Every structure is written in structure tokens, then in C-alpha cells.
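Let's take a walk through a protein model together. Keep the picture in view and look up each residue as we reach it.

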Amino acid sequence: MNRTDDRLLPVLLICAQAALWPGAELVRGAVPPASALLVAALVAGPVTAALALRRTRPVTALVVVAAACALGAGPLPTGAMAVLGTAGVALALFTVATERDTFATVLCGTALAAWQLLQNISLHGIGDRDGLDLVLTAMLYAAACGAGLLVRRTRRARRAAERTLKRAEAERHRLPEAERRRMERELHDVSAHHLTAVVVTAGAALGLRDRRPELADQALEFAAETGREVTRALGAVRAPTPSREELPSPEERLRALVEGFRRLDQSVDCEIDALPDGMVADAAYGIVREALTNVARHAPGAHTTVRCRYGDTRTEVVVTSAAPTAGSAAHGADLGGGRGQGFLRSRAREAGGALTSGPTADGGWEVRAVLPGRTAAPTERPVPRNYRVAQLTATAGLVLQPLLPALVVHAQPTSTGSQVSAGVLFALLAAAQAVALLWLRRAPRTAQCVLLGLVPLWPVAMAAGDYTGPVVLPPVLSILATCAAVAADASRTAARVPVPAADASGAAAVPPAAARAWLLPTAAVVVHAAAAVVAVADRGTTVPLWAVVGWALSGASLAVGAARGGGTLRARRDLAARGTRDERLAAWTEEAVRDAWAERRRIAAGLETTVLARTADMVTEAEAGRLEVSAERAREALAAMRALLDTVRQGRTEPELRPQPTLQALDLLARQCRATGRDVEIRLTDRVPERLPTAVDLAAYHAAETVLAAGGEEPAVLELDADGVTLTLTATGVPRAARPAVRERLAARVAALGGTLTTGRPDTVGLRLPLAPVPQQGDEERER
């Protein structure tokens with residue numbers, strides 16, 4: 001809300017107070033004394049100013065409003081502070097609940113009630129009757145605090161949803177660029193590392209051909225093996241597996257990388273800590289690989305140390321190489337494309353760290369990266385304990401200070417007797433209702449039964465406490481808590497019960513859960529109506545009993561119906577907002593995956609005719625025993641890789657030419673979902689064939705996309721398996737996929753291929769697609 005709204009509500013409260021007093025007195029012809037008007041004006045000014053600033057200083061505004069109303073309620077006539085002392089204080093307490101945390105809210109509400117009770121101070125000046133002032137005040141403060149906390153939680157959820165949408169919109173544009181950078185970097189890393197090793201090994205073997213002829217055979221074998229490994233690695237770059245199963249740990253990957261360089265006669269020592277899977281581990285691996293590759297190029301044989309330390313606050317990755325040994329030839333010094341240092345820094349920057357590199361004092365070279373550690377993730381800072389102590393101290397000082405109570409003009413004390421007043425009994429019943437409401441979310445059925453069980457005790461309390469006030473007031477106090485429970489139950493039911501589907505006769509079938517949802521409202525109406533009839537009958541009345549019963553039933557039905565309608569309306573509004581958000585997320589995810597998939601296919605098509613073709617020629621020449629030609633083909637493959645990297649940034653696939661994603665795009669789908677805050681894991685077993693029928697491949701991907709597009713914040717797992725004739729896709733952690741609209745889309749997609757759709761647990765969906773194509777009617781006619 002803006003400043004105009006903040007000023008408008010206090011002005012409306014002042015106008016309402018002025019209409020009640022002195023407006024009502026003036027209408028009746030009674031002119032209040034000038035002193036009373038002056039006191040009222042002096043109270044209204046600070047209250048209005050404090051309420052206008054309630055959002056920036058909520059606690060201060062509450063203290064000022066309470067103190068001003070307390071000073072004015074005593075000397076002024078009855079009703080002069082009725083609006084400001086109730087609605088004004090409730091508004092200030094509501095603002096504290098919306099702008100501050102739960103601890104501060106409960107502390108302010110409790111302190112305000114305790115201050116009034118200990119000092120016998122009234123903020124509204126209406127007067128006490130049967131001890132009800134305490135009950136009404138406590139219920140007013142509890143309602144204001146509860147409503148404020150609910151609004152604060154709703155606002156936090158809305159802000160979280162807005163942040164998710166903003167992040168999804170940003171990721172929609174970032175994912176294609178990130179996929180292009182990933183492939184560009186992987187192309188450089190794989191090709192540069194492996195092909196550089198071939199050139200270096202071949203150059204060394206050719207240089208020592210006269211003295212050590214056996215090195216040529218080893219170099220040829222190494223070139224053939226490396227070429228096949230490059231082919232496999234580039235295949236993984238083109239179609240990375242989305243599965244997280246059976247992958248080596250980051251520590252094992254780093255040690256295997258070091259062992260690979262040791263086989264190239266590189267002297268490498270390592271100190272590597274265990275790293276968790278994630279961006280930091282991937283960045284550390286890429287940095288170490290690039291740094292060791294540069295050592296092999298420019299300083300072959302130089303002693304190198306790799307150190308990876310994983311700490312609480314940061315992760316250090318240091319690769320230090322000594323000066324090149326005398327007489328060593330750098331056969332790969334001219335193989336670099338000038339991108340290595342940029343890739344190193346980009347890896348560190350994307351992981352949230354920084355990288356520096358430069359010469360050492362002894363003539364060597366050092367690459368040092370500082371990456372996030374264990375506690376680098378942003379966490380919500382807790383409130384310091386000394387701040388809580390300061391809050392409690394300030395509250396105790398305000399409650400117990402004697403200055404303000406001494407200035408307050410107290411109302412006449414009410415007479416007390418040995419009998420327990422009705423107000424005390426009502427306060428105990430209201431406290432029991434409040435406790436039941438606190439358990440409403442954790443144990444709804446138990447809390448509802450307790451609330452209904454407390455209803456018959458209100459007429460008993462009226463009789464035991466000799467209550468003489470309005471007979472309608474206790475039933476109203478009793479039904480408020482029940483209406484809150486009915487509204488919460490209606491909201492929960494509307495959020496969970498699906499839209500009823502029509503049966504064979506065309507009539508809508510009522511789900512059992514929807515039928516059970518009417519039990520609580522019906523029981524609430526009957527119990528409260530019976531309690532009201534008993535209370536009226538015990539007081540005695542000349543109205544016929546049937547009229548009392550009708551009045552009680554109609555009043556209870558109206559209150560409970562309004563509560564149920566409000567809860568249902570709120571749930572539907574939340575569902576509509578969530579559905580709109582899920583639709584936008586699904587649309588942006590679909591667009592991002594398709595753009596990233598188009599980038600991947602464009603770069604993969606270039607790989608087929610450049611690096612892969614020349615790598616295959618290198619393997620052929622190595623198997624034929626032609627070492628010099630094999631080394632030349634390796635150089636050509638490196639040159640082709642550099643040329644491909646130069647053209648990666650050029651030309652993008654037009655939207656109308658974007659290829660349809662297949663199961664090989666599941667990793668992109670999972671990355672986009674994780675980037676928007678939902679943990680999605682893809683598990684692909686070894687039994688799933690690398691090549692699937694096109695229709696099955698497309699249908700399986702679109703089914704997975706539909707399941708995840710249904711929305712939700714729960715961690716989801718998609719598992720794909722095959723038994724030779726059937727491809728099975730099982731999705732868990734997707735409760736919204738059981739909705740009729742989602743099931744219809746999945747069933748239509750599966751039925752087109754002759755598959756089946758199954759559901760087990762409420763959050764599980766299973767699809768079975770035959771791997772053999774199902775003949776359509778047109779195919780059968782052509783065969784005949």
C-alpha cells in the first residue's frame with residue numbers, strides 16, 4: 001500500500017469516532033463540554049499521526065495509540081474512545097503482525113493485554129459488564145495478531161512466487177546461452193586435452209625415433225586409443241546423460257585426471273579433499289584439467305602440484321608447476337587458441353568464485369581459484385539473542401512503569417463477590433478455543449471435535465456465572481472460533497478435491513472427500529443452534545420455541561455459510577493464482593528447453609563434419625602405423641575445433657525451424673526446473689536403448705514435460721527403464737499430475753502409441769510405451 005492508503009484509514013477511523021461521539025450527542029441536542037472536546041482533539045491528533053506512520057514504525061505506533069487512548073478513555077464520556085480504542089489499537093497491532101516477526105507480534109499483544117489487566121486500564125471506555133471486557137479485549141487482540149500473521153505469511157508466499165517467476169523468466173533467456181557455453185567449453189576441454197596429448201606424445205616419439213624406436217609404437221597405440229576416447233567424449237557432449245546414477249565422485253574424477261597426466265610422463269603430486277557433487281566440483285575439475293593441459297603444452301615434464309582444499313567458508317584449487325626442465329621441447333606450445341584463461345575465469349565466476357594466474361618466483365606458473373565452501377549458500381540470518389533480551393527488557397519496562405498509569409483516570413471499579421463471574425468462565429472457554437485453533441493445521445479433525453465439544457459449555461457458563469448481559473453475545477463469541485475452523489476446512493478441501501467428473505448418465509459424481517466436507521458445517525450449525533436455544537430457554541422468553549429454534553438455525557447457518565464461502569473463495573483464488581503461475585512457468589520452461597535444444601543440435605551438426613571426421617581419420621592413420629600423418633590429423637582436428645568454436649556464436653536457429661526435443665533434452669528440462677527452485681532428478685537405467693523409435697522418443701519427452709509442467713514445489717524424480725519391448729516412465733513427487741486435465745493430456749499422448757497410463761500413490765504417475773510401432777488404420781489398409 002502507498003502513503004495515501006496509509007493516511008486514508010486513520011482519517012476514516014477519526015471520522016467514524018467523530019460520528020459516534022460527539023456526533024451522536026449533537027444529534028440528540030446535547031452539547032459536550034469544551035474540556036471533553038479539547039481532550040478528544042488532543043487524543044485524536046497523536047493517534048492519527050501514529051497510525052499514518054504505522055508501517056515504518058509499527059511498534060512505536062502501537063505504543064503511542066495505546067497510551068493516547070488510555071489517557072482519553074478515563075475522563076471522556078462513554079463511547080468517546082470506542083472506535084479508536086478498539087479499531088485503532090487493533091489496526092496498530094495488525095500492522096505489527098504484518099511488518100514484524102512472530103516473536104515481536106506475540107510479545108506486543110501479550111504485553112498490551114497484561115498492561116491493561118495489571119493497571120486496570122480501559123482503552124475504549126465502554127465499561128465492564130460481567131467481566132466480559134477482558135474476554136472481548138483478548139479476543140480482539142488475538143484476532144488482530146492472527147489476521148496479521150496470516151497476511152504476512154500470504155505476502156511472503158506471494159513474494160516467493162514472484163521471485164520464482166522472475167528467476168524463471170531470467171533462466172528462459174539464460175539456458176540457451178548456458179548450453180552454448182557448456183558445449184563450447186566442453187569442446188575446448190575434451191579436444192584440447194586429448195588431441196594435445198596425441199601431438200605431444202607423437203612429437204616426443206618422433207624426436208627420439210633414432211634412440212628409442214619403441215616409443216613410436218606406444219605413440220601410435222596411444223593416438224588410436226585417444227581418438228576413440230575423443231569420439232566417445234564428444235558423443236557425450238552432444239547428448240549428455242541426464243542420469244545421476246553410477247557417476248564417480250568429484251574426488252575420484254580429479255584423481256583419475258591426475259593419473260591420466262602421469263601416464264603422459266608428467267610429474268604430478270596431488271592433495272585432494274572430498275567434494276560434494278555440484279557446480280563447485282564441476283568448476284574445480286575443469287580448472288585442474290585446463291591447468292594441467294597448459295603445463296603439458298608449455299612445460300612438459302615440469303613438476304606440478306595440484307591442491308584442492310574444501311573448507312567451511314571457501315574452496316581453494318591451486319595448480320602450481322615448476323619451471324620447464326632444461327632441454328625439454330614444448331611440442332604443443334602452438335596448439336592453444338587463446339581461450340584457456342577465459343574459460344578458467346568463466347568457470348570460477350559461474351561457480352561464485354574468482355581465479356588468478358601468473359608466474360611464480362622460481363619461474364613456474366600458478367593457477368589459484370577461490371570457490372564457495374560449505375556455508376557459502378545464502379541463509380536467513382537469525383535474530384541475535386541479545387536483541388531478543390532487549391525486546392523483553394523494553395516490554396517489561398513499558399508494562400511495569402508507573403508514570404503513565406498514574407496519569408490515567410480509571411473507570412469506576414466493578415463490584416466483585418465470592419462467586420466466579422461469567423467473564424472468567426468465558427475467558428477460560430475462549431482460551432480453550434484458541435488452543436484448539438493452534439492445533440488446527442497439525443490435527444484438524446481433533447481440533448474440530450474439541451471446538452464442537454466446547455460449544456455446549458457456553459450456556460453452562462452463562463448459568464454458572466449468573467450472566468445478565470445480552471443473551472446473543474455468548475453464542476456469537478462461541479461461533480467465531482468454529483467459523484474460523486470451517487473456513488480453514490473449506491479452503492483445504494477446495495484445494496485438494498478435484499473437479500467432479502460426469503458419470504454415464506451425465507450427472508456430476510460427488511467425490512467422497514467433497515461429501516465429507518459438509519460434515520463439519522452441518523454439525524457446527526446444529527450444535528450452535530442447540531446451544532443458543534438452551535441459552536435463551538434458560539434465560540426465559542415469551543417468544544414461541546419454534547421461533548427461537550428458527551432464529552438460532554438461521555443465524556448459525558448464515559455465519560457458518562459465510563465462513564465456508566469465504567474459505568472456498570480464498571482457496572479458489574489461491575488456486576487460480578497458482579495455476580496462472582504454473583502456466584507461465586511451464587511456457588517459459590518449454591521455450592527455454594526448445595531454444596537450448598536448438599543450440600545443441602546446431603553445434604552437434606557442426607561436430608559431425610569437423611572434429612569428429614578428422615578424429616576418425618587420426619584413428620585410421622594410427623591403426624595403419626603412420627605416426628606423422630596421425631599427428632598431422634590431430635593438429636587438423638584441433639584447428640577444426642577452433643574454427644567450430646569461432647562459428648558457435650554465429651547464426652541461431654529460427655523459431656520455426658527449432659527441432660522437437662527428445663529424451664536427450666531431459667537434462668535441459670531438469671536444469672531449467674532446478675534453476676527455478678524445484679529439485680528434479682532424472683534417472684536413466686542402462687537398459688534404455690540409445691536409439692528409440694522417433695514417436696516413442698518424442699512422446700516420452702512430452703509426457704515428462706507435461707508431468708513437470710503440472711507445477712508444484714516438491715522434489716520430483718523421473719525414472720526411465722526398458723525391458724526390450726516397453727519403455728517405462730515413472731514420475732514421483734508430482735501430486736498435481738493426478739488432476740483430470742493433466743491425466744487427459746497424458747492419456748491422449750499414450751493412447752496414440754498404444755501405451756498405458758497408471759497411477760499408484762497420489763504423487764506417482766507411470767507410463768508404459770511400446771517400443772515397437774503400433775500399426776495405424778492407414779498402414780493396415782496399405783498392407784492389404
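We begin at D466, which counts as partly exposed because its relative accessibility is 44%. The labels work like this: buried means under 20% relative accessible area, exposed means over 50%, and partly exposed is in between (1.4 Å probe, protein chains only). D466 sits in the loop between α15 (457-464) and α16 (473-496). Its phi is positive, about 50°, although D466 is not a glycine. Helices (H or I, at least four residues) and strands (E, at least two) are DSSP runs, numbered from the N terminus.

A word on the model itself: it is predicted, so local features need pLDDT of at least 70 and side-chain atom pairs count only at pLDDT 80 or more, while totals for chains, interfaces and linings use all residues. Residues are numbered from 1 along each chain as its sequence is written, and side-chain values use heavy atoms, leaving out hydrogens and water.

N120 also has a positive phi without being a glycine, near 55°. Find N120 in the loop between α5 (102-119) and α6. Now go to helix α1 (residues 3-27), where P22 has its place. The peptide bond leading from W21 to P22 is cis, with omega near 15°.

Next come the strands. Two strands pair if DSSP finds at least two bridges between them. Strand β3 (residues 314-321) pairs with strand β5 (residues 365-372) in the antiparallel sense, over eight bridges. Strand β4 (residues 354-359) also runs antiparallel to β5, joined to it by six bridges. Look at V367 in β5: V319 has V367 as its bridge partner, and S357 stands opposite V367 too. Five residues lie between the strands in the hairpin of β4 and β5, and there G363 takes a positive phi near 95°.

In the loop between α10 (340-350) and β4 you will find G352. G352 counts as exposed because its relative accessibility is 56%. The C-alpha atoms of G352 and P372 are 6.3 Å apart, although 20 residues separate them along the chain.

Finally, which residues form a positive surface patch? They are R156, R158, R159, R163, R167 and R573. Helix α6 (residues 132-207) gives the largest share, five residues. R159 lies in this helix and is partly exposed, with a relative accessible area of 42%.

Definitions and conventions
Patch = residues over 30% accessible without salt bridge, like charges linked within 9 Å, V, L, I, M, F, W, Y side chains within 5 Å. Areas by Shrake-Rupley, 256 points an atom, 1.4 Å probe, with all protein chains shown as cover. Salt bridge = Lys/Arg side-chain N within 4 Å of Asp/Glu carboxyl O. Lys, Arg positive; Asp, Glu negative; His and termini not counted. Charge placed at Lys NZ, Arg CZ, Asp CG, Glu CD.
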